[in-house]
Amino acid sequence: MYQVIASDLDGTLLNADHMVDAYTAETLRLLQAQGVHFVIATGRHYLDVRGIRDVLGVRAYLITSNGARVHDWDNRLVYAENLEPEVARQLLQPEFSEGTHLNVYLDEQWLAGSQAQWLADLHQDSGFSYELADLPNHSGEGIAKVLYIGEHEHLLTVEEKLIERFGDELYVTFSMPDCLEVMAPTVSKGHALTAVLAELGISAADCIAFGDGPNDIQLLQTAGHPFVMGNANPRLTDALPHVPQIGTNTEAGVAHQLRKLFHMAEPKN
């Protein structure tokens, strides 16, 4: 019996404009009315995702910053893990950030090293936005995630540098081809989902999960019923070759798959 639905946002639950479509929102609301629990699992900031949850109109646990933060449906902090300050300070230096748009997530803030209106536009559903900051001189305290945005080929070189320098002292992953994200080594969406399921008292065998990026690997490995989006990053499909693929995010693939699994009627035109 499916009791929990865990889903990524960008490239998964959200459409091509990084927004919630009405069909998906209606599907989730109908399932919640049947007693199904919902978990949003994303690299986005908690305050951003809280606004998206409001647009969806559902009560949901929020796994944010790729698992560095977990909040329940009443916004109570369940779990938090920060980067070590000294490591965070190193990550904010030009040695790693040069050629990228550098960002960090703290509990109540999203800090950016430079202006980027297009980045703010991706968060139009929630209204959450960044503040400019002198990141190379940041103390490194309280940082949940460091995010490098740039050309994929360049980010591959940054990823290589990070792994060479820090090895397993960091969790380094791509959320999208142009977004390389860095968290504490114990952080992952899968670890966070395990914490949420323990809170709910529900087995992973009763959990459905959806994802499209490398940062969803652990999430899908944790859930008993994982699904990969049709638009998934090759790193994800290569890592989980036996996980079923569904429709794309631009086709509301998650909502259509949920209606099949729960034998729900399609809305009348």
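Biologist: Are Lys 145 and Glu 181 buried or exposed?
Modeller: This is a predicted model, in which local features need pLDDT of at least 70 and side-chain atom pairs count only at pLDDT 80 or more, while totals for chains, interfaces and linings use all residues. Residues are numbered from 1 along each chain as its sequence is written, and side-chain values use heavy atoms, with hydrogens and water left out. With buried meaning under 20% relative accessible area, exposed over 50% and partly exposed in between (1.4 Å probe, protein chains only), Lys 145 and Glu 181 are both buried.

Biologist: How many residues apart in sequence are the parts that Lys 145 and Glu 181 tie together?
Modeller: Strands (E, at least two residues) and helices (H or I, at least four) are DSSP runs numbered from the N terminus, and a salt bridge is a side-chain nitrogen of Lys or Arg within 4 Å of a carboxyl oxygen of Asp or Glu. The side chains of Lys 145 and Glu 181 form such a salt bridge, at 3.0 Å from N to O. Because Lys 145 belongs to strand β9 (residues 145–149) and Glu 181 to strand β11 (residues 179–183), the parts tied together are apart in sequence by 36 residues.

Biologist: In which helix does Lys 189, the partner of Asp 216, lie?
Modeller: Asp 216 and Lys 189 form a salt bridge whose closest N and O atoms are 2.6 Å apart. The pair ties together parts that are 27 residues apart in sequence, because Asp 216 is in the loop between β12 and α9 (217–222), whereas Lys 189 is in helix α8.

Biologist: Which residue is linked with Lys 189 and Asp 216 in a network of salt bridges?
Modeller: Both Asp 216 and Lys 189 are buried, and by the rule above the salt bridges come to 13. The network that holds Lys 189 and Asp 216 also links Asp 8.

Biologist: What relative accessibility does Arg 76 have?
Modeller: The side chains of Arg 76 and Asp 72 meet in a salt bridge of 3.0 Å, N to O. Asp 72 is buried, with a relative accessible area of 6%, whereas Arg 76 counts as partly exposed, at 42%.

Biologist: Where is Asn 75 found?
Modeller: Asn 75 is not a glycine, yet its phi is positive, at about 70°. Asn 75 is partly exposed, with a relative accessible area of 31%, and its place is the loop between β4 (69–71) and β5 (77–80).

Biologist: What relative accessible area does His 263 have?
Modeller: His 263 is another non-glycine residue with a positive phi, near 55°, and it is placed in the segment after α11 (253–261). It is exposed, with a relative accessible area of 74%.

Biologist: What radius of gyration does the protein chain have?
Modeller: The radius of gyration is taken over C-alpha atoms, and the globule rule is 2.2 Å times the number of residues to the power 0.38. For 269 residues a compact globule would be near 18 Å, with which the protein chain agrees, having 18 Å.
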